[in-house]
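This report concerns the packing of helices and domains in one protein model. The structure is shown first, and the description follows.

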Amino acid sequence: MSLKDNLEAVLERVEKPGRYIGGEWNAVRKEPAGIEARIALVFPDVYEIGMSYLGQKILYDILNRHPSLAAERVFAPWPDLEEGLRSSRLPLFSLESQLPLDRFDILGFSLLYELNYSNILTVLDLGGVSILAADRGEGSPLVLAGGPAAFNPEPVSDIFDAFLIGDGEDAFIEIAERFIALRKSGAKREHILSGLAEIPGVYVPGLYESYFPPGSALLARRPRSGAPARIKKRIKARLGRPSYPEAIVVPDIQAVFDRVTIEVARGCPQRCRFCQATGIYFPFRVMEPALVRRKVRRSLAATGFADVSLSALSISDYPFLEETVTALMDELSGKKISLSLSSLRPKGLSAAVAENILKVRKTGFTLVPEAGTDRLRRVINKELDNQDILEAAATAFGRGWRLLKLYFMIGLPTEKDEDLEGIVHLVEEIIRLGKSVLEAPPRINLSLSSFIPKPHTPFQWLSMEDERTLGEKQRFIRSRLSRFRSVAIKAHPTGSSVLEAVFSRGDRRLGPALVQAWKRGARFDSWKDRFDFSHWEEAFSAERMDYQTYLGLLDKGTVLPWDHIETGIKKAFLLSELEKAIGEERTASCLDSDCGRCRGCDSPLRSPKTPPPAAQRGAARPVSFGRRTDRPLRYEAFYEKRGLARFLSHRDLTNHLQRSLRRAGVEVAHSAGFHPKMLVSYAPALPLGMEAKEECFEFRSFYQFDERALLRRLNRSVRPGIRFLRVRQVGEIESSLNERIKGMVYSLDLKDADVCAALGARKATLGTPDVSDLDFIQNEMVRFIEGHPGSQAAFRLDKNELELYLELPALSRRGLRPQDVVTAVFGLENASVRLTRERLVFGQAGDRPSLLAAD
Ligand code: SF4
């Protein structure tokens, strides 16, 4: 069974087929000529999460700019697709070319989270690639990994041929070019890997051996001959130079972050002692403000998104925040483009920033106190006190925010009962404050996560609290805040935190346990409703392992499993930070201290002291073509939805169409209020999986367009499977689209194999096998319609073409659905994927035209 021919049949049976259809706007599909290495960028979680990850977008852009490389995307299949592929004996494939994984030269996995590890095995296995590096032969792709979790690669070092430690922009190109050169020279797999190990930042685990250092219960690694003893992470010095992705792939189903994201800074100058990101992404680097603005403008035009986010680990530390936000909002608010900022610290919330981000849309306001008391915040070095938090909450309430998101961690080192009480008191104070400003209780979404002693942090040697104690702490906070109905508490499951800790601080012995858990059914462990700790307990016991070994105190004098990976922050500095934590002593951020003299790191870069020139404000650029008018005009656009595009839900399709309008430079009028929306109305929703030959939507605009030019522009702005047929300006006296649509005509191909099979089975069930198919359909349709008096359904059987046409009125949501009619008459399940919506029936007020009745 070939993949391309049979993919649609598999997709018809999965819950969200839009995850797997590809063809999105800006997706790159390169011609094979001249391509010397095909690279699959694999994200081991679902599409919606992977498509929100900036790292993959950056690599996709850089690799596809290279004339000899072609990069395509692969995401972990949800269990329904996994089952569909396995039962149809089809391989997992890339979205761009539907190429099976084993046909790529290099697979590059993004490791963001330890709880995705079981999905890596699913992806490899379904893609026809051996799950263990040792089992891969000469023809197999090289399986590489990078990303934050690669900073302790040991638990998955049996799986990967090589790891890239640190920033991938330059290093991935070096790897691919070296790979091409070595392969051309005829080098064997083993020599290719040794060649890659010479590239700074590349770790090839097969070149190292394991040993128990004195005083350690955990395995460490040392090189065999020739391999570097330590792997120093790669650091990209200049953010956004020479390139930063503008024409990013626009997801066709809603992603977690559906917007343009500009990484204005990498690294974090704060020194929160529990935080792994601070070491992994250090040093702090910023993008020039002029470049930020240029990237925002170009990326919006290239994608059609209506939201922009400026992103950094600690955006408040971006030295040009206020002027950049002000300049951008001058330009964006008129176009109803909203701006959001990631992880704003309370101290970074100036009045100007708050007012600017409120100009278009108001989303929830986030505060991250982490701990409940000032004392515990000194221990973890979170530069924040209760007063700062309350002032920020007051600012938010004063500017009309009603929803506050609060993030706390429990089980932090030295945590006492009063620290947990502190969380409760702080929430109570915030509610009191909210009531006094808003005159109603504010909504609070409270998130509780568990502290995990992560590698490369000052707390890496500490133990993790056990599951029972963490559970008791969660219950304590829940019970104390249960009287507030406006507080919603989301606590991270303690079992998955424990598993995350095990794999964060694990050694090479965890590889076999991972394989065992996967064989027992572990999938999507980061998803609360999929996580089953019993798979893991059984796996550890099968491997005779005590996972508690990885959760206890570690000896400060010994070699740790990840010590051969260097972030650039010195171990002596981490130890001194641990001592300061116990003494409740703060350390200033890199920006507030004398960065060059602290000697905590060996980075060649220093945190920015001298700001580059400030952002210039520029006049807003007109986006729309057409001639401006002083009153809104109405336009009607007809289009078809065919092929794989039929797997887009109504909501995804409307998002796609709205972005197409923006990409085409069509300025659509918006509603007023806090959440302005494009003034667009749509024909009744099409069921998922159904093709349509002539759909319609109507929009309003203050511009007069030439209809042919508009049609051309729209057709240049849509994905494959969507094609505009015609557009017209709607007369002022014509009623609304929904009043004009009187009915819908559907067709069913009676020659379709599934339809024939269902029909035969139904005739047999009813004891009428000898009645001809057409007579049976005729009789059953009549009987069905007579059984639904008032449904106003009509049908026509085309005996020459063997098509059934069915017309249903556009009455209400509770009217008959075409798939229900077909299921009742033919006994065909999932009938929407076999039907086609032929056209909409239009009429003016009072009319009830029927196309089939006229026939
Ligand atoms: S502010 Fe603290 S927690 Fe956040 S990234 Fe920086 S160091 Fe980590």
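This is a predicted model: local features need pLDDT of at least 70, side-chain atom pairs count only at pLDDT 80 or more; totals for chains, interfaces and linings use all residues.

## Helix packing and domain contact

Helix 3 crosses helix 6 in a right-handed sense. On the helix 3 side the contact involves Ile-58, Leu-59, Ile-62 and Leu-63, which meet Glu-169, Phe-172 and Ile-173 of helix 6. By class, six of these residues are nonpolar, none is polar and one is charged.

A further helix pair is formed by helix 17 and helix 18, whose axes cross at roughly 130 degrees. Helix 17 is therefore oblique to helix 18, and this crossing is right-handed. Leu-510, Ala-513, Leu-514, Gln-516 and Ala-517 of helix 17 make the contact with His-535, Trp-536, Ala-539, Phe-540 and Ala-542 of helix 18. Eight residues of this contact are nonpolar, two are polar and none is charged.

| Helices | Residues | Angle | Axes |
|---|---|---|---|
| Helix 17 and helix 18 | 510–519 and 533–542 | roughly 130 degrees | within 8 Å |

At the level of domains, the assignment includes domain 2 (259–361 + 591–600) and domain 5 (622–734). Their contact draws 10 residues from domain 2 and nine residues from domain 5. Between them, domain 2 and domain 5 bury about 860 Å², with 59% of that area on carbon and sulfur atoms.

Definitions and conventions:
Residues are numbered from 1 along each chain as its sequence is written. Side-chain values use heavy atoms; hydrogens and water are left out. A crossing is left-handed if the near helix is turned anticlockwise from the far one by less than a right angle, and right-handed if clockwise. Helices (H or I, at least four residues) and strands (E, at least two) are DSSP runs, numbered from the N terminus. Contact means heavy atoms within 4.5 Å. Ala, Val, Leu, Ile, Met, Phe, Trp, Tyr, Cys and Pro count as nonpolar, Asp, Glu, Lys and Arg as charged, and the others, Gly among them, as polar. Domain bounds come from an automatic or database domain assignment. Buried area is the accessible area (1.4 Å probe) that two parts lose on being put together, summed over both. Axes are lines fitted to C-alpha atoms, for helices over the stretch in contact, and angles run from 0 to 180 degrees between N-to-C directions. Angles under 35 degrees count as roughly parallel, over 145 as roughly antiparallel, 65 to 115 as roughly perpendicular and the rest as oblique.
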